[in-house]
Amino acid sequence: MTDEPPDRFDVAVIGAGMAGMAAALFAAERGLSCIQVGNGGGILFASGLLDLLGVQPTAERRLWRSPYEALAALALDEPGHPLARVEVPSIRAAFETMVTCLGAAGLRYAPLGDSNRSVLTAIGTIKTTYGVPLSMVAGVEALNVRPPCLLVDFRGLREFSARQIAATLGDRWPGLRHRRIEFPGCEALPELYAAHLARALEIGETRARTIERLKPLLEDAHAVGLPAVLGLARVGEVHAAFEAGLGVPVFEIPTMPTSVPGLRLLAALESAVSARGVIRRHQATVRALAFDRDEGAATLDLEGVPGGERVVARAVVLATGRFTGRGLTADRGQVRESLLGLPVRQPVSRESWHQSDFLASSGHAINRAGLETDGAWRPLDASGKPVWPRLFAVGSILAHQDWMRSKCGSGLAIATAWAALDQVARQLGGNGAG
Amino acid sequence: MKFPISIQTQVLIIGGGVTGTALARDLALRGIDCVLVEKEDINAGASGRNHGLLHSGARYVAGDRAAAMECRSEGEILKRVAAQTIQDTGGYFVAVQGDDERYIADFASHCSRSGITARAVDIGAARALEPALSERAIAVFEVADASIDPFRLSLESMAQARSLGARLMRRTGVVGFEREGRLIRAVRVRPPGGGDELRIEAAQVVNAAGAWAREVAQLAGTPIAMTYSKGTLLVTHTRLASRVVNRLRLPGNADIMMPGGTVSIVGTTSTRVDALDDVHPTAAEADLIVEEAARMLPALATMRYIRAYAGVRPLVGAPDAADGRAVSRGFALFDHEDQGLDNLATITGGKLTTCRLMAERVADLVCRRLGVSRPCITATTPLPVAPECGWTEPGRSPREWMRSHGPHDALLCECEMVPRSAVDTIYNALRAAGDTPTLTDLGLRSRVGKGACQGTFCAPRTVAHLYQRGDFQARRGLAEIVDFFGERWRGQRPVLWGEQLAQAELMEALHCGLFGEELRDEELQHAGMPDAPRAAPEPDPADGKPS
């Protein structure tokens with residue numbers, strides 16, 4: 001550690017999953033200086049689809065056409081659910097801001113409306129979601145109307161079988177055809193990787209050869225569905241070229257993670273926060289976090305940067321996620337919050353963490369474990385008081401939600417980040433860096 | 001009323017575990033025609049839910065000398081005739097501070113009285129060879145324990161029996177017996193999918209149903225006294241020792257750790273249970289195993305576990321102690337003649353190590369009753385290697401893959417490196433025998449779903465491949481994935497803490513969060529496509545290749 005005085009920020013965001021990225025983005029949008037610590041590896045597992053709220057109540061498996069009506073139902077059924085604690089106008093503003101920023105970073109979404117949309121998955125199920133990337137949106141229309149449609153896959157891309165999707169839905173969608181082609185230049189490779197294909201399709205010649213291979217297969221197809229490999233940063237250009245070349249709408253179907261849409265989302269978010277001046281320490285982790293009550297500042301000691309680093313922030317947003325994100329850890333006896341040892345609301349014993357049926361309607365109790373916060377998104381200590389006046393918690397580390405079953409992962413991340421940043425801005429009084 | 005279809009055979013074997021399959025092979029080698037009915041799949045019961053330990057016999061020297069000697073001689077035979085199913089790892093018996101000094105002192109002489117070699121090993125030397133052993137070890141003996149793959153043993157026994165004419169009927173449960181005087185005229189069975197009952201007319205019937213032998217005997221009207229002891233085992237993420245490590249004491253909880261290829265297997269517990277339905281490992285049993293086994297191998301306290309499983313030991317005799325450990329682990333052969341039947345035999349109890357001998361004894365009885373004088377040759381006849389049966393062996397897939405992979409043989413499972421060709425071989429062999437294989441069947445016969453990800457990625461990949469082959473149609477793949485995870489989940493649930501909890505969360509994020517498998521029907525309804533417009537799906541067109 002050097003002897004130089006530590007850099008000072010308005011906000012330190014710990015975590016770089018969807019919630020951490022949203023918090024950093026919203027902090028910057030509000031003109032707050034921000035440092036973000038942590039890598040965005042979790043986002044690689046994203047599909048690019050932005051769920052808001054699809055199912056409520058989960059135990060009844062009730063799907064909603066409108067996420068806002070679902071939110072109203074959630075507010076009645078589960079007022080303690082983090083999403084139910086965010087005002088609807090804030091949720092709308094948060095999503096609009098998010099997709100606008102992503103669009104500016106090259107990842108464009110279809111306009112958000114009042115409705116959820118249904119999309120195809122790689123295993124032939126249907127998924128209810130909200131924000132849909134432009135490269136996938138023609139699939140929503142195709143699924144609605146079910147015209148003659150062609151699904152194509154590439155031999156060697158193991159997790160995506162057009163035939164599987166067509167067979168799974170074929171009896172309900174008779175015009176759904178499937179074909180398999182060789183990816184140009186990869187005829188001798190046993191295994192193809194989506195990211196490699198996406199990069200290859202950014203090269204004009206490979207793209208043109210692929211389109212030429214698709215053309216004779218079109219026949220009566222009104223739309224063409226492909227695995228999500230239509231370019232990385234240049235998805236807009238690649239997708240447009242496929243539509244122009246084939247003369248019909250083309251849509252991507254997200255593949256198994258880690259997928260190209262995850263890579264795109266991570267790249268777009270990184271670019272969006274960096275462009276807004278957020279200082280990113282994506283290799284670093286927080287070794288220690290201390291709060292100074294007199295100065296009203298938190299000190300973060302980082303490791304994973306050469307020589308270590310100490311920074312000071314006036315507010316801290318904890319967006320460290322759950323078990324895969326390492327925000328929570330569990331031993332045989334109990335669940336702990338990893339960084340500060342904050343109290344975690346949790347089931348009494350491990351025997352009750354999980355249901356005996358993996359897909360049980362009511363979900364696993366441990367998924368609703370997490371941090372309790374006050375109305376201002378501040379995690380509570382054992383006595384039920386905020387741990388520190390400007391320590392906030394957002395995203396999936398929060399208790400009283402099961403995002404995997406409710407289909408609200410992105411919504412939880414984006415909405416709670418927005419709401420917490422409202423509180424941060426209020427507390428910091430709109431001042432610049434200290 | 002329809003007249004039920006009848007099948008004729010000389011011997012009907014009920015139960016496809018290690019004993020039933022060994023019996024099918026034994027009889028087939030003696031030229032006897034047999035049919036084996038199994039209500040689930042090969043080794044679905046205790047045969048597939050044990051340590052995979054080929055006992056030297058040393059474990060039983062103090063309490064059950066007969067069982068110890070049987071284990072010794074059978075272990076030696078299997079090492080000769082079924083070498084491909086065995087890893088001759090050797091074993092240690094280890095005592096730690098606080099263990100019974102008297103037992104330790106008597107161990108070597110107990111062993112020698114049973115003809116078992118147990119060599120005292122210097123503790124420092126033992127810890128140099130097996131660094132995972134506790135610093136608190138106070139005595140170590142080396143014995144001839146080995147690891148055996150019970151799936152490969154049963155699959156290859158059955159494969160040879162079938163090559164000699166034996167018939168296997170999987171997913172075929174016994175529903176009743178037709179008796180006439182002192183004979184069973186026919187056994188009624190329900191075929192897969194619950195179709196019309198079939199009658200199997202056999203001159204002799206053998207009940208080799210393991211823990212289910214009591215139910216089968218009851219159906220035949222010849223009750224036997226049995227108790228059930230549930231045993232739970234844990235699978236570690238990485239292998240902790242190269243040898244079998246036994247606790248040097250009277251058999252108790254969590255006192256064996258087996259090498260199982262790339263992993264170690266730790267257990268067991270022993271709990272009396274009254275019913276065979278819904279036997280699954282619990283968190284409390286996992287905790288007991290971790291805590292107790294860590295006294296001998298401290299790293300087990302912090303080890304990542306990927307799975308647990310539980311089996312039910314069939315123990316012959318009346319109920320006694322609560323944990324069932326005092327009941328003999330020897331086997332029992334009932335001829336049922338005193339119960340008024342001359343063509344039924346029940347073989348149960350016993351151990352994996354003695355399965356060949358159990359088959360020999362019952363086959364001898366059956367042959368005597370049939371008037372067949374050909375002797376048993378399984379103690380000297382090598383078990384042939386079958387190409388579709390070796391994929392349960394950890395580490396084989398990567399080897400084969402390195403040797404032979406080409407442009408059209410991608411890996412389906414990356415944890416255990418299972419190539420498409422392995423899945424094809426297994427699938428084709430099942431199909432050739434007239435079966436309709438499931439994803440779970442493939443899991444039982446290969447390493448698919450057995451690695452750290454527990455099928456998160458390889459299950460959908462394998463299903464995609466089966467669609468591509470044209471084997472799966474319509475919505476079958478979804479049902480298979482759901483069944484497969486349902487089955488794997490029972491084993492994961494008790495060990496979900498630490499790293500494996502994060503793995504399970506990822507699995508749920510993918511299969512529920514993204515794929516919405518729990519909503520597979522509701523989402524169809526929601527998308528306005530609740531019913532298929534036609535009864536039959538269109539025939540699948542052939543795959544397109546670029547022109």
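In this predicted model, 68 residues of chain B are in contact with 57 residues of chain A. The points below describe that interface, then the domains and a helix of chain A.

**Interface between the chains**
- On the side of chain B that touches chain A, two or more residues come from each of α7 (283-293), β21 (411-413), α12 (458-469), α13 (476-492), α14 (498-514) and α15 (520-526) of chain B.
- The greatest contribution to this side is made by α14(B), with eleven residues.
- Sorted by class, the side of chain B that touches chain A comprises 37 nonpolar, 14 polar and 17 charged residues.

**Domains of chain A**
- Chain A consists of domain 1 (7-104 + 264-428) and domain 2 (122-253), and the C-alpha centres of these two domains are 33 Å apart.
- Domain 1 of chain A gives 13 residues to the contact, and domain 2 of chain A gives ten residues.
- At least two residues of the domain 1 side are supplied by each of α3 (88-104) and α9 (260-275) of chain A.
- That side of domain 1 of chain A has eight nonpolar, two polar and three charged residues.

**Helix α7 of chain A**
- In helix α7 (residues 204-214) of chain A, the buried residues are Arg207(A), Thr210(A), Arg213(A) and Leu214(A).
- These residues lie on the same side of α7(A) because they span an arc of only 125 degrees around the axis.
- Residues three or four places apart point the same way because an α-helix has 3.6 residues a turn.
- Gly204(A) and Glu205(A) are exposed on the face of α7(A) turned away from its buried side.
- The cover over the buried residues of α7(A) includes β5 (149-154), β6 (176-181), β7 (223-227) and α8 (235-246) of chain A.

Terms used:
Residues are numbered from 1 along each chain as its sequence is written. Chains are lettered from A and ligands numbered from 1 in the order in which they are written. This is a predicted model: local features need pLDDT of at least 70, side-chain atom pairs count only at pLDDT 80 or more; totals for chains, interfaces and linings use all residues. Two residues are in contact if their C-beta atoms, placed from the backbone, lie within 7 Å. Helices (H or I, at least four residues) and strands (E, at least two) are DSSP runs, numbered from the N terminus. Ala, Val, Leu, Ile, Met, Phe, Trp, Tyr, Cys and Pro count as nonpolar, Asp, Glu, Lys and Arg as charged, and the others, Gly among them, as polar. A residue is buried if 20 or more other C-beta atoms lie within 10 Å of its own, exposed if 12 or fewer, and partly exposed in between; C-beta atoms are placed from the backbone. The arc is that of the directions from the helix axis to the C-beta atoms. Domain bounds come from an automatic or database domain assignment.
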